[in-house]
Amino acid sequence: MTFSRRETMAAMAAGTAAMAAVRPAGAVPDPHPPLALWYRQPATEWTQALPIGNGRLGAMVFGGISQERLQLNESTLWAGQPYDPVNPQALTMLPKVRELIFAGRIAEAEALANQTLMARPLTQMPYQTLGDLILDFPGLGDASAYRRDLDLDKAMATTRFEANDGVTHVRQVIASPADQIIAVRLTADGKNGLDVDITLRSPQRGVQVVADGPVGLLLTGRNCASKGLEGNLRFAARLTAEVEGGTTAQADGGRLNIRNAKAITLYIAMTTSHRRFDDVGGDTIAATGATLARVEGRTFARIAADTAAAHQRLFRRVALNLGTTAAAQLPTDQRIATSQTSDDPALAALYFDFARYLMICASRPGGQPANLQGLWNDSLNPPWGSKYTININTQMNYWPAEPTALSECVMPLVDMVRELAITGERTARTMYGARGWVAHHNTDLWRASAPIDGAQFGLWPTGGAWLCTHLWDHYDYGRELAYLKSVYPLMAGAARFFLDTLQRDPTTGFLVTNPSMSPENPHGHGGTICAGPTMDMGILHDLFTQTIEAATILKVDTTLIAELRAARDKLAPYKIGHQGQLQEWQQDWDADAPEQNHRHVSHLYGLHPSRQITPDDTPALAAAARRTLEIRGDRATGWATAWRINLWVRLRDGDHAHDILRFLLGPERTYPNMFDAHPPFQIDGNFGGAAGIVEMLMGSYGDIIDLLPALPKAWPTGSVTGLRARGRCSVDLHWRDGCLDQAVLQPELSETRTVRLGGKRRKLALKAGMPVSLTPKDFI
């Protein structure tokens, strides 16, 4: 079964040929639709505009004719300044809150917690827009042959149309990760050339726009205050124009007027004075000037080629083909609008590709992690502050990163956890009197870690613990020992916090968290807070287990290992309630909860993203999880719908998962620009949906690689190449008529793996650099 690289590539080519020969009913000849979103009209709303980004700078491109708007973002432009929100009464009043919860006096406990435990200010800082680049084109009106698109492979947004005078206009926009700029190229093929008036504007405070040399503009300002916390960030956006032919003149009010140009290239640099969560001393004027100086003499074509190459090094690692039908030839907004009644398997593949595009654009090494809206936000006060909600949403953002070969994109999340461990250590000490570190259900640019919003939303101490499972996953996929050494103190610190704060339940004797809650679901017994919600027990089981394994690999902390094993054995176990459901709380309260279809399904953490519950190993708990999903229902907010897809996949019900995915791809949960609709926009639905697609095709846990575990009937023939399994192993799959045709494993490490296909398993001794090809005959 072992093949050379050349033999493997030949086999994969044969599989591709077979894929082209056997297509779904009604398929059109081209099995590989273009990797682009495209439209026949400009965007009139933000959720129709197209996103570009380089991990730090982002823009939403509207594609207007007489006026083009680029809405601009810089990932560190948040309200406020460094702050410590821990309530000074918390440490003193915490024992009383715990006592009330154990006594069942939930309403009293919640009221006291709101008075004495919650953060000051009660709400964290919001992520904010920088402003807009506005391009006005005098004399342009209606147009024909209009098309705007977002090329997911080249990372370029393009608008093309023919004006009334027959002149073809082309506008291209990119965000360069190497040069750290946004670049705009304007061309027109007419004799009279281009006329354009250029302005920068911002809704922030203290904004000034001035001329910056003969062909430039400089916008400066300060961030806003929020919730009584003064803003202390400076920011700048600097634009320079490269004009080919024509004339340029500065107008009053910071406007750049260009007339009769053959072509124009605009370079935009943006930055804030943020240097770290506790340092806002950066020089924005010098930084933007230096950025534009570095690109002087570099053409748009060169920058665009470098941008595409940098993007493709990540994006092209994975290719998904689910087959195509005539529906794939329609504009993207029409495909979304008709997706519930048309056969369009390629729409799911496009959604998957778009999610990977968004990941690359929003989360690059050295930058901030993707927030609730990724990188893109047009408001000073966006929904939920566009913060990092770490009771599911931030974690969901990164579910598809490792299996779709975007491990580099996880590094901003890792860096955020490193910083949270600093602020969280202070919170652990001053709020709980505990070692280690803690973060609750939200954080922001300033890495605030105290509970916010209200006890019924934020008094949940396991957000940091859940993030630590992502630290472990990054190691488990990459197996880099130096990395594990660097993050082990974070994992151990999170674990020590719970060793100090877990409480013995006086009724059962088990160890539980108190106070806590099952995010963000009221239980109908006096409020929302409680002791030992099921989700906490699942997260802590993983945190303790992974910390033990990390310490064992590193050969350190034998005493801590023993303490964690003892505590893990005393955690409250999963319970099945009287409805046959997996209990959400220690008491069988599920049927009493006022929202039976609540968006959060927190108690199913053990099914997904964890694997503590599986149909094979814990069939009774898996059946209870299924019952919970039946009670909750399939349709929820965008991200919650995406979570349900993943949960049904773990139950090996691919057709049910696909039905939910189809709803997610429809106009109720997907905007015309393919952003996820909570509503409003939250990017986690995009990432969660993509993760669900991966889970249908390949699972990876422990030493097992699970092939096509939940393939839906809607995708009878297809292929995917470049997926990543744990332990640095690439997986390529081809299937036909609902059955595996060929799988190719390309390991980077030598180790024994168990490959599963349906109910059959095959143990393989993989050798680094030696691909292995498998067919159904290998599982007989």
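**Close-up views of a predicted model**

**View 1. Asp453 lies in the loop between strand E19 (442-443) and helix H10 (455-458).** The model shown in this and the following views is predicted. The phi angle of Asp453 is near 75°. This value is positive, and the residue is one other than glycine.

**View 2. A cis peptide bond joins Asn514 and Pro515.** The omega angle of this bond is about 5°. Pro515 belongs to the loop that runs between strand E21 (511-512) and strand E22 (516-517).

**View 3. A cis peptide bond joins His678 and Pro679.** Here omega is about -15°. Pro679 is placed in the loop between helix H17 (654-664) and helix H18.

**View 4. Helix H2 (residues 90-102) and helix H3 (residues 106-116) have axes that come within 8 Å.** The two axes cross at roughly 170°. Angles over 145 degrees count as roughly antiparallel, and H2 and H3 are therefore roughly antiparallel to each other. On the H2 side, the residues in contact are Ala90, Met93, Lys96, Val97, Leu100 and Ile101. On the H3 side, they are Ile106, Glu108, Ala109, Leu112, Ala113 and Thr116. Sorted by class, the contact of H2 with H3 contains nine nonpolar residues, one polar residue and two charged residues.

**View 5. Helix H9 (residues 411-432) bends by about 30° at Thr423.** The helix has 22 residues. From its first C-alpha to its last, H9 reaches 29 Å, which is close to the 32 Å expected at 1.5 Å a residue. Just after H9 comes Gly433, with a positive phi of about 65°.

**View 6. Four strands form an open sheet in the order E24-E25-E29-E30.** The pairing in this sheet is mixed. Strand E24 (698-701) and strand E30 (760-766) stand at the edges; each has a single partner strand, so one side of each is left without a neighbour in the sheet. Neighbouring strands are turned by 20° against each other on average, direction ignored.

**View 7. Strand E29 (residues 751-757) runs parallel to strand E25 (residues 704-707) and antiparallel to strand E30.** Strands of a sheet pair through backbone hydrogen bonds, either parallel or antiparallel. Four bridges join E25 to E29, and the bridge partner of Ile705 in E29 is Val755. Seven bridges join E29 to E30; in this pair, Thr752 stands opposite Ala765 of E30. The hairpin of E29 and E30 has two residues between the strands. In this hairpin, Gly758 takes a positive phi near 65°.

**View 8. Seven strands form an open sheet in the order E2-E3-E4-E5-E10-E15-E14.** The pairing in this sheet is antiparallel. Strand E2 (50-53) and strand E14 (247-251) stand at the edges; each is paired with a single strand, so one side of each has no neighbour in the sheet. On average, and with direction ignored, neighbouring strands of this sheet are turned by 20° against each other.

**View 9. Strand E3 (residues 57-61) and strand E4 (residues 67-74) pair in the antiparallel sense.** Five bridges hold the place of this pairing. Within the pair, the bridge partner of Met60 in E4 is Gln71. In a regular strand the side chains alternate between the two faces of the sheet.

Technical notes:
Residues numbered from 1 in each chain as written. Predicted model: local features only at pLDDT ≥ 70, side-chain atom pairs only at ≥ 80, totals over all residues. Heavy atoms only, no water. Axes fitted to C-alpha atoms, helices over the stretch in contact; angles between N-to-C directions. Parallel < 35°, antiparallel > 145°, perpendicular 65-115°, else oblique. Contact = heavy atoms within 4.5 Å. Nonpolar A, V, L, I, M, F, W, Y, C, P; charged D, E, K, R; others polar. Expected span 1.5 Å × (residues − 1). Bend = angle between axes of the 7 residues up to and from the residue. Pairing = 2+ DSSP bridges.
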